[in-house]
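Please examine the sequence and the structure shown below. A short report on selected features accompanies them.

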Amino acid sequence: MDIKDLKVLICDDSLLARKNLHDGLNKIGCTNVTEVKDGQAAIDAYKKNPVDVVFLDIVMPVKDGITAAGEICSLDKDAYVIMVSSVGTQLHLREAIKAGARDFLQKPTTPEQIKEALSHVVGGDS
Amino acid sequence: MANSDIYVAELTSNLRKFVDDSVTERPTYISPDIPSGCYISQNITGDYNAVSAIYGDKEALRQFSVNYAKMELEEYSEVVDELASDFLNLHNGLFVVRLSREFSTESSLDPPMFDPDKAVSAENRTIHMIPYDFSFGSLVFVLIE
C-alpha cells in the first residue's frame, strides 16, 4: 500500500489544526481524508467507516483524545492511532501508549513529520 | 525561576516564532482585577494550576490571528477568537511540555474557551498582566495563579 491510498480520519476541535493537518496530508498525496471535531465523533466515524489511520488530538471537548484512542483500539485491535497534540508531556505519552496509540506527533507538525509517521503505517511498523 | 517567569519567557519566544518576529515585551505587572471583555482563555491543570488568557481590541486580535494562522480574515468574527485561542492552546501545550521535561511538573490543559458571554474570573488569585507590542498593535496576555 502507498501513502496515497490511505484512508485517514482527523480528529481535532481546532479549525486551524484540522486545516493544517489536512493540507499537510494533501501535500504528500494523501487525499482520502475525513475530519471530525471531538473524540466521540471520532469513535462514531470509525465504527461507521473504519480507516487506515486516525490522527487524534488530546485536548478536546465532549471526549478527549486519549479516551477516544482507547475506545477505538478496543473496537479494532488493528486500528492505527497517531496522537497529535501540543501537550506532549511524559504523562500524556505514557497514557497514549497505554491507550493503544502507535505514534505521537508534537504540534506544530510539518508535512515531513506527517509523511514519516505515515511511512511507518505503510511500512507495517507498530 | 518562578513558573510565571518561565511562562513569560516561553510566551515571548512562541510569539516571535509563530506570530510576529518583531514583537516587543513590555514590563509585566500585577493587576487587582481582570480587564473587562477578557474571555479568550484556557485552564492549565495538574501539578501547576493557572488560567491563561489573551485580550485586546478586535482589530489587533484580527491581525494577530491573520499572522498566526496565515489566513485571510478581512473582518473580525468568531473565527478570529477561535484562532487566538488556538495560539493559546499551542503555547500552553509547549509550556507544560517544558515544565514536564525540565522540572518533572505534570500538567494538562482544558479545551480553550472563547465565548464572549463567559468572561474570565480570578477568584482571589494573583493576576499577572503581560503586555506586548506587535507591528500591528498591542495585546495583553493574562496569567492567573
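The model is predicted. In chain A, 5 strands form an open sheet in the order 2-1-3-4-5, and their pairing is parallel. From one strand to the next, the twist averages 20°.

Within this sheet, strand 3 (residues 53–56) of chain A runs parallel to strand 4 of chain A, and 3 bridges join the two. Opposite Phe55(A) stands Ile82(A), which belongs to strand 4 of chain A.

## Helix 3 across the strands

Helix 3 of chain A lies across both strand 3 and strand 4 of chain A. Relative to strand 4 of chain A, helix 3 of chain A runs at about 175°.

## The two sides of helix 4

Helix 4 of chain A spans residues 90–99, and its buried residues include His92(A), Ala96(A) and Ala99(A). These residues lie on the same side of helix 4 of chain A because they cover an arc of only 65° around the axis. An α-helix has 3.6 residues a turn, so residues three or four places apart point the same way. On the other side of helix 4 of chain A, Arg94(A), Ile97(A) and Lys98(A) are exposed.

Which elements cover the buried residues of helix 4 of chain A? The cover includes helix 3 (65–75), strand 4 (81–85) and strand 5 (103–106) of chain A, together with strand 5 (107–109) of chain B. Just after helix 4 of chain A, Gly100(A) adopts a positive phi of about 110°.

Notes
Residues numbered from 1 in each chain as written. Chains lettered and ligands numbered in written order. Predicted model: local features only at pLDDT ≥ 70, side-chain atom pairs only at ≥ 80, totals over all residues. Heavy atoms only, no water. Buried < 20%, exposed > 50% of the residue type's maximum accessible area, 1.4 Å probe, protein only. Helix = DSSP H or I, 4+ residues; strand = E, 2+ residues; numbered from the N terminus. Arc of directions from axis to C-beta. Contact = heavy atoms within 4.5 Å. Pairing = 2+ DSSP bridges. Axes fitted to C-alpha atoms, helices over the stretch in contact; angles between N-to-C directions.
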